[in-house]
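Visitor: Please pick one part of this model and go through it closely. I would like the packing described residue by residue.

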Amino acid sequence: MLEMDIQRDLVPQEFLAVILAGFGNELSPLTSDHGDEPCLKALLPVANTPLIDYPLSWLEQSGIKDVLLICPAIHRPALSHHIHSHPNSLLHIDIQSYEETPDSAVGTCTLLRHFAGRISRDFVLLPCDFIPPPSLSLISILNKFRTDTVSDGLIATTCWFTASKTDKTVIPDEWGHIAPPVSIVWDKPSTTLLYVDTPDDLDRNSEEVELRMSMLSRYPRSSLSSNQQDSHVYVCKRSVLDVLQEKHHFDSFREEFLPWLCKVQYQRAKREKYEHILSSSTNTSQSQALRHSTLSSKSKAQQAPHVHKSKSTATSAPQSPIPSDPNIDPHPSLRVGLHMHRNGIAARVNNIHSFLEMNRHFLTSASYSLPTDPTQRALIDQKAQISSDTIVGESTQVDERTSIKKSVIGKHCTIGKMVKIVGSVLLDHCVVADGAKLDGCILGKNTVVGAKAELVRCITQPGYEVDPGENVKNEKLEISDWTAGAVGDSDSDSEDE
Amino acid sequence: MAPKAASGKEKLIDEEDEVLQAVILADSFDKRFRPLTTRTPRCLLPVCNASLLDWTFESLALAGVQEIFVICRSHAGQVKKAISESKWSRPGSGIKIVPIMTAKETFSAGDAMRDVYTRGLVTSDFVLVMGDLVSNIRIDEVVRVHKERRKTNKDAIMTMVVKESGVAHRTRPQGDSAVFVLDAETSECLHYEPVSAYPRTSMTRIPREVLENHPEIEIRNDLIDCSIDVCSVEVPSLFQDNFDYEDLRRDFLHGVLTSDLLMKNIHCYVAKEGYAARVKDTKSYDSVSKDILSRWTFPLVPDDNHPGGHVYQHSRGNKYIASDNSVSLARTCKVGNNTLIGASTKIHENAQISGSVIGRDCVIGAGCIIEGSYIFEGTVIGPQCVVRRSIIGAGVIIKEKTRIEKGCLVGDDVVVGPLAMLDSFERLSKKRGEDDSDDDEDEDEEDGEEGEDGEDDDEDEDGDDEEDEDEDEDDEDEEDEDEDGEDSELEELEANPVKTISVLGKDSNAVVWPRGPPPQDEDEDGITAYKNQLIRRLGNDGSDLELQSEDSDSSNEESSDDSSDYDSDTEFQISGEGSGSSPLTTPSLDAFMPSGQMQESEFRIEVAQSLERAFAEGHSVDNAAVELKTLRMASNVPLSRVREAVVSAIVEDIKIVEGAMPQRKEISRVVGRWGELINKIGGVDPVETISALQMHCASSERFPLFGQILAELYQTDVVEEDDIRAWHKTPEAKGAGLVGGPTAENVKRCWAIGSKMIEQFDEQESGSESGEEEEGDKAEEGDKQGESEEESDSESGSGSGSGSGSASGSGSGSGDSEGDSEEEQESEKE
């Protein structure tokens with residue numbers, strides 16, 4: 001708390017946080033529409049906490065106050081309702097929406113270009129679905145950015161974490177594919193991100209990773225890590241947006257713009273072209289004026305190539321005398337830094353696997369105890385067996401002789417008698433009738449499971465109804481026709497209010 | 001725990017009993033030091049007044065090697081003599097050195113390794129080094145690590161010693177470095193990418209499959225490959241099994257890493273301390289000498305452990321002067337830093353020497369300036385001479401007021417001057433015999449050239465090309481210098497004096513070596529490419545050649561990368577290419593193009609001959625196909641050329657006979673017999689077949705047969721109806737791109753014939769049974785045979801081409817069919 005206060009006082013409004021909340025198509029059917037009402041990815045609960053709350057509280061801890069939340073237009077009412085009903089006192093959240101549909105989702109770069117006018121400072125770009133581990137604080141990333149920008153003109157800092165090894169046997173293929181880890185090349189001593197292997201690169205050459213010698217001669221001892229995941233947390237200079245404005249064809253920040261941005265520092269032509277944009281500092285009017293000065297930028301561009309050569313020699317270890325240049329590079333490095341996080345489980349909940357995985361991860365640290373509040377307590381039958389590695393949301397009713405193990409049960413659920421739930425995730429307002437069995441399932445909200453139905457490793461769309469006695473395995477249960485279940489839905493909605 | 005340790009100790013004791021063996025490949029298998037190496041092998045060239053081989057022995061002795069096999073080929077006698085005279089051969093040296101003479105046919109390191117295998121020299125893990133190594137790395141430590149690894153991993157067959165340095169380290173050869181891709185934990189070498197300066201390697205390509213098993217990988221572009229390999233006994237046998245391995249790195253290492261069958265691992269030992277470098281070229285000769293003088297190789301330094309057994313006095317500024325008081329230094333001479341002066345050498349008044357090594361028994365005249373040069377023993381340099389960054393062989397006499405510019409190599413016993421001027425990078429050697437009769441002639445000629453040739457190196461090279469050709473072919477035939485070869489080479493040189501702007505002086509007995517690239521340079525790969533070699537010369541500071549190539553390449557690199565960006569940096573691309581790459585690339589392209597064309601025409605002739613034989617002798621189609629494939633592989637031509645050649649050969653085989661029926665029979669005989677060959681040459685592309693047929697017929701006297709041949713090909717299922725349609729749609733079939741002339745006319749007519757055939761197909765599909773001519777030029781022919789043919793035609797047509805029915809409806813057929821098709825359409829409408 002102390003640190004936060006100091007920051008607010010000394011460096012007011014240093015960063016703006018930009019959170020991008022998308023549709024979460026990879027999370028379908030959990031994010032499929034429930035009737036006419038969209039199910040927001042940002043509000044999808046993980047361990048009964050809506051996803052958006054994770055990055056928000058992370059931001060809060062870091063002392064950043066201003067948040068620009070960009071979401072699809074149809075999500076706006078629900079999202080603003082959520083944010084205002086759970087006042088995060090320290091954050092000023094500005095919700096902006098953008099017309100888009102799940103089928104024609106707009107790329108992150110396009111969004112940033114569109115809202116560039118609202119971003120006037122260095123910014124932190126976050127996804128709505130990143131769940132940081134407690135061992136990773138945003139402050140450490142911000143500090144890295146702060147020191148490196150001042151010391152050698154870094155333009156952005158990224159955060160990567162080691163991809164967790166997913167056990168393929170647990171999760172059926174029907175749920176969708178697992179996002180493959182990304183290969184990155186980085187320089188250890190300076191923690192510089194040098195190369196990101198993109199799907200485009202994979203298409204171009206599926207056999208080999210192609211690395212430029214110009215990069216390898218500047219960074220002769222680079223590391224290639226092939227099991228990394230991008231947290232999509234980027235701390236960027238404002239000037240990065242100026243470059244983005246010029247690169248109209250980039251669509252995805254992560255897959256296109258960032259890999260490109262890494263190359264600016266060591267590819268001469270790119271550097272010459274964009275150096276003057278990137279190296280200008282943003283907040284002062286003087287730098288604004290300098291940016292328009294053709295004189296200063298030109299002279300810089302002309303000097304740049306010579307400086308590179310001397311620098312490449314200077315970085316080598318002076319084991320034996322080398323023709324080194326004593327001049328320190330007066331030009332900004334324009335590099336992209338990286339923060340490599342190796343301990344603690346982090347994940348982006350952008351597919352079903354990581355959704356389930358993160359839920360289970362939170363269960364390992366959960367210790368269930370009966371609610372203390374008497375009204376809540378009354379809902380749980382005394383003969384119900386709920387193991388300690390379980391999370392049960394408030395106002396959920398559990399009937400007698402029901403056993404629940406290693407599961408997350410949402411809020412306002414109704415669980416009947418003799419129900420067995422193992423290793424499952426039930427979102428809010430689910431109804432499980434007597435004698436049903438659930439094993440390794442994910443039930444979207446308002447799912448109704450009929451009596452004595454048995455589901456093994458199934459995932460349901462919100463509002464899905466499983467017929468009594470039905471026996472399903474390894475399925476993705478989606479609703480083809482909404483008219484049938486419309487009545488039940490409106491009931492539950494009214495209950496909700 | 002305890003018993004384990006005990007057993008480990010026992011093993012260690014066993015290992016200590018084992019003799020550590022080393023194999024020195026004392027032959028360089030290249031010619032970079034010529035003409036210095038025409039009379040002495042490279043390994044006996046003096047570095048800081050001790051032969052390279054002695055430095056290598058010293059390095060190995062430091063590592064505790066007990067038995068050394070020296071594999072020598074060229075000038076083997078000299079090597080043997082040098083070994084027997086060296087201090088290591090004295091009793092009590094503790095090292096057994098065995099010179100191994102290998103056959104003259106040993107052309108590469110691979111051959112030498114095979115020789116090691118067949119002789120059964122090594123019995124256990126051994127150290128493999130080159131004969132030009134200077135090192136103070138503790139190789140015994142590497143051997144220990146290697147043996148330790150072998151205990152758990154029997155597939156770890158080799159450990160390469162690489163030295164950590166910087167990218168632009170002076171002993172890191174610019175033309176011949178490499179990127180090592182290592183596993184971060186085990187230092188297993190996963191990928192090896194040789195890097196050449198010309199053509200510049202712009203990409204390192206790491207196979208993705210490597211990533212699967214190795215999540216953390218280090219990409220090292222800062223390592224010096226010391227060519228010290230700790231090998232297991234399997235290594236020579238692997239060379240034996242793979243007879244095509246030549247280079248230790250580019251072939252053997254690459255082969256082992258990429259092999260799916262061998263499943264062997266090669267590890268790297270990254271030496272962080274110590275010094276190791278190879279004298280691979282004149283540039284590294286320079287840098288290694290400098291490193292020795294500046295004591296990076298400690299304890300191997302001139303004043304201590306000098307491998308030649310000389311004794312030097314070390315004084316401030318790294319000056320080494322032979323300490324037996326035999327050196328006579330004039331009072332006013334200046335000896336600069338990093339200089340070594342051998343015994344009995346005389347330096348006269350006002351001579352300035354800096355950064356140089358002077359051998360024994362040398363005389364440096366008054367007022368000389370010697371900078372960064374290496375002067376071997378017994379050389380006399382007259383007064384007022386200037387020698388910069390050059391290597392001067394032994395027994396050379398440089399007469400007064402001679403200037404020798406950077407990068408010159410002057411062979412043993414050469415006399416130059418007085419008043420000679422040597423251009424940069426000149427190479428001189430002594431003429432055979434001692435008669436200097438044609439000296440004056442040479443000189444005159446050279447003086448004459450001076451004006452014309454200009455100063456530019458490149459131009460100079462181009463001008464020389466023709467004259468050098470003979471000599472260079474010679475060069476290529478014999479891989480290394482030996483006495484006879486050298487003589488014949490010199491003879492050639494003397495017969496065809498090389499144009500040069502250098503002035504040799506009137507007393508000179510020297511011949512100038514050509515500096516042009518060898519003509520067949522395109523065949524060689526990056527490392528050995530001529531331009532690459534240029535970079536590796538002493539004194540080459542990259543001012544001319546290297547910068548150019550780097551500039552052009554880097555701008556290309558940018559543009560190619562930016563190709564995905566729509567606003568790509570075109571302006572850089574254009575300017576870069578305009579200024580940089582053109583002078584380098586154009587000559588090579590020019591040289592390449594004619595040879596490519598020649599190959600193709602040669603190939604055509606060969607195919608025609610091969611098929612002629614096949615037709616005449618009645619080979620089977622399969623045999624003919626195999627022969628064609630072999631030809632194609634041998635001359636490396638695209639498949640389409642083969643197809644064209646086959647089609648034209650078949651067409652030409654059809655005899656032109658009088659009368660429609662006999663002609664038709666002849667066609668069906670030839671096509672029936674050989675038609676299927678077209679699809680057996682290694683790929684099936686009927687559309688191309690038809691185009692080839694069209695193009696050939698259009699320019700052949702068999703043009704009138706086009707329609708019939710096409711029909712026959714169709715009959716024999718070599719082409720299908722769909723293919724004819726596809727061909728018909730291509731713009732080339734209509735004669736697009738051809739300008740005027742009878743050929744273009746014929747091409748168009750062929751297309752018209754094709755149109756008619758397609759019309760027929762359409763009619764057949766729409767069910768009409770109208771008997772009609774298929775070929776335009778046969779329209780006047782007897783109809784009855786035509787009809788019977790057509791019927792069979794239509795049957796096969798509907799059978800094979802039923803899928804393309806939708807293409808019908810072209811409606812306006814020609815001639816007889818018009819009425820029928822109209823009827824047909826009407827009936828449909830009803």
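Guide: Axes here are lines fitted to C-alpha atoms, for helices over the stretch in contact, and angles run from 0 to 180 degrees between N-to-C directions. Helices are DSSP runs of H or I with at least four residues, numbered from the N terminus. The model is predicted, with pLDDT of at least 70 required for local features and 80 or more for side-chain atom pairs, while totals for chains, interfaces and linings use all residues; side-chain values rest on heavy atoms, without hydrogens or water. Residues are numbered from 1 along each chain as written, and chains are lettered from A and ligands numbered from 1 in the order written.

The part is in chain B, where helix H17 (residues 639-653) and helix H19 (residues 686-698) have axes that come within 9 Å and cross at roughly 55°. The crossing of H17(B) with H19(B) is right-handed (near helix turned clockwise from the far one by less than a right angle). On the H17(B) side, the contact (heavy atoms within 4.5 Å) is made by Ser640(B), Arg643(B), Glu644(B), Val647(B), Ser648(B), Val651(B) and Glu652(B). H19(B) supplies Glu688(B), Thr689(B), Ala692(B), Leu693(B), His696(B) and Cys697(B). By class, five of these residues are nonpolar, four polar and four charged (Ala, Val, Leu, Ile, Met, Phe, Trp, Tyr, Cys and Pro are nonpolar; Asp, Glu, Lys and Arg charged; the others, Gly among them, polar).

For reference, H2 (residues 53-62) and H5 (residues 138-152) of chain A pack at about 60°, with axes 8 Å apart. H2(A) is thus oblique to H5(A). Trp58(A), Leu59(A), Gln61(A) and Ser62(A) of H2(A) meet Leu138(A), Ile139(A), Ile141(A) and Leu142(A) of H5(A). That contact has six nonpolar, two polar and no charged residues.

Note on methods:
Helix = DSSP H or I, 4+ residues; strand = E, 2+ residues; numbered from the N terminus. Parallel < 35°, antiparallel > 145°, perpendicular 65-115°, else oblique.
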